[in-house]
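Have the structure open and follow along.

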Amino acid sequence: MNERRTTADDREPTTDAEGKTGPTRAAVGTPPPGPRGLPVINSTLGFARDPLEFLSSIREYGDVAHYEAFGREFVVVSDPGLVETVLVARDDEFWRGEFEHEFSEVLDVEGLFFAEGERWRNQRLLLQNAFTPARIQSYADDMVDETVRLVEDWSDGEVVDVREAMSTLTLRALTRSLFDLEYKEPRFSEPNRGSHPRSFGGDRADCVQRWVQAMGAYSDSEFFGIRAVLPTWLPSRAEREYRRATADVEALVEEMVAERRRSDAAGGDLLSLLATGEYPNGSRPTAEEITGQLQLFLLAGHETTATVLTYACWLLAAADVEDVRSRLEQEVTTVCGDRDPTFADLPDLAITEAVGREAMRLYPPLPFLQREPHEATTLAGYRIGPATTVQLNMYGIHRDERWWSEPDAFRPDRWLSNDEDGRSVVADRDDRPEYAYFPFGGGSRHCIGMRFAMAELQLSLATMVRRVDLERVTESIDPTPRVSLDPGPVEMRVRRR
Ligand code: HEM
């Protein structure tokens, strides 16, 4: 999924007559079309009120469209080839940009997502060791265990908020993989799976959970709430709580780093890797950097996966996809029999994977990616100024009828074909551009947690399918871009199998 570095079908020469690349092209090019006639306030309100609708409607101006909002310039890119140009072929011309960095500054979270240049490269090379297939295999049982623990708590007929439940699930699984910490409640364990000789750090896990909750409340109030109209010198209650929780998590990580470095307590978690590892340039991460990375990974890996699982459960419960549901159940029964899924089952859980992929097509957790050119440049012949935020319109491209038939319909079958033995397999179609689907981004900065997330989606879905059916109580959802594309509360009734 958009991992490889390909040569893009760039629609303009990447070198000028003198063989120079990049900024020299800035002199040419006209500004992209867009809703220029409208007062700036209209675009600001349009985007703030309903960003997804705004990004869909701006496509009427073409695949490269310009608007102004919040006193800034934006260019929306809705063509897969141009997305590939920005993320892959000419990625050295772009960085994440001021707009993204404001988020990192307000939350005071640093780490891989926000690092640039040599610093980013050093961090990425060290951190990617935590996401090799072997490491993910070692996290897989925890993902299943945490799903079992969650679902075993549900009784027949109970109405649960699946959005909240999935958020608890992915936070627990991530806390185990990142810190090797478990929450206090007794863990359900099955006879067919060995028990894990683990440290039992309930209080410590609660400290992580408090930080994540405080961060969610603070970022909501700061970016999506009434905070915009309050004087900025006045720390809000959410901010005070967030700062307190951050100080606690910093102290905890410092303590745990010292433990890992002192003894042979280091394990396969990300904290151990950072505490005992070295950057390729030979330096070691400081305790402060380690805290920053762990916070960043909690931020990037928790709600993203939770929302996809929520959308998948909700989409699967639609009245018109009974056939998908029964084939999914059949697949899980055939592959797993009377045990829970394991890492080794993943290649055989093709329908389960297709459900996850299709949920991310319709509701990508990050519905648009943002970049800024280092210097003025051109894209498809249009001039892009240096302080312009380029928005890669993932949500619009994932639902563009040029690449997708019935683009708004939930059809996992579009990802499946049959192998020579007649078994379902997931296959990328070659009749659409590669970047018609890019839920994990692309090029060198594609999601480092992609394999982790895909494994969790498949394992958690298959584990749930073995135990429960979920019926819709919430009939319609109104997704809103927040830290991740948030469906809001999604109530569903549990039917135990
Ligand atoms: C379904 C779940 C997920 C989705 C859809 C997702 C999506 C993405 C996307 C689109 C990007 C690229 C952003 C850009 O280019 O501007 C990204 C980057 C990143 N993701 Fe994920 N992500 C998911 C899960 C995770 C998990 C589980 C982790 C960690 C455990 C994680 C950690 C990161 C990090 C650290 C980056 C920054 C990589 C870099 O800049 O080198 N993500 N993710």
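## The iron site

Start at Cys-447, which sits in the loop between strand E10 (424–426) and helix H16 (450–467). Helices (H or I, at least four residues) and strands (E, at least two) are DSSP runs, numbered from the N terminus. The SG atom of Cys-447 is the single protein donor to the ligand's iron atom, 2.3 Å away. Donors here are N, O and S atoms within 2.8 Å of the metal (3.2 Å for Na, K and Ca), and with water not among the atoms, sites may look incomplete.

## Before you go on

This is a predicted model, where local features need pLDDT of at least 70 and side-chain atom pairs count only at pLDDT 80 or more, while totals for chains, interfaces and linings use all residues. Residues are numbered from 1 along each chain as its sequence is written, and side-chain values use heavy atoms, leaving out hydrogens and water.

## Salt bridges

How many salt bridges does a search of the whole structure find? The search turns up 35, each one a side-chain nitrogen of Lys or Arg within 4 Å of a carboxyl oxygen of Asp or Glu. One of them pairs Arg-90 with Glu-93 at 2.8 Å, N to O. Arg-90 counts as buried because its relative accessibility is 3%, and Glu-93 is buried too, at 12%. Buried means under 20% relative accessible area, exposed over 50%, and partly exposed in between (1.4 Å probe, protein chains only).

Asp-269 and Arg-260 also meet in a salt bridge, at 2.5 Å from N to O, and both are buried. Then there's Arg-361 with Glu-358, whose closest N and O atoms are 2.9 Å apart. Those two are 3 residues apart in helix H14 (residues 350–362), about one turn of the helix, and both are buried. Elsewhere, salt bridges with shared partners link Asp-142, Asp-145, Glu-146, Arg-149, Arg-176 and Glu-182 into one network.

## A negative patch

Now for the surface: Asp-108, Glu-250, Glu-254, Glu-288 and Glu-289 gather there in a patch of negative charge. Helix H9 (237–262) and helix H11 (287–301) are the elements that give two or more residues to the negative patch. Patch residues have over 30% relative accessible area and no salt bridge, with like charges joined within 9 Å and nonpolar side chains (Val, Leu, Ile, Met, Phe, Trp, Tyr) within 5 Å.

Is Glu-288, for one, buried or exposed? Glu-288, which lies in helix H11, is exposed because its relative accessible area is 68%.

Technical notes:
Accessible areas come from the Shrake-Rupley method with a 1.4 Å probe; for residues, only the protein chains shown count as cover. Lys and Arg count as positive and Asp and Glu as negative; His and the chain ends are not counted. The place of a charge is taken as NZ of Lys, CZ of Arg, CG of Asp or CD of Glu.
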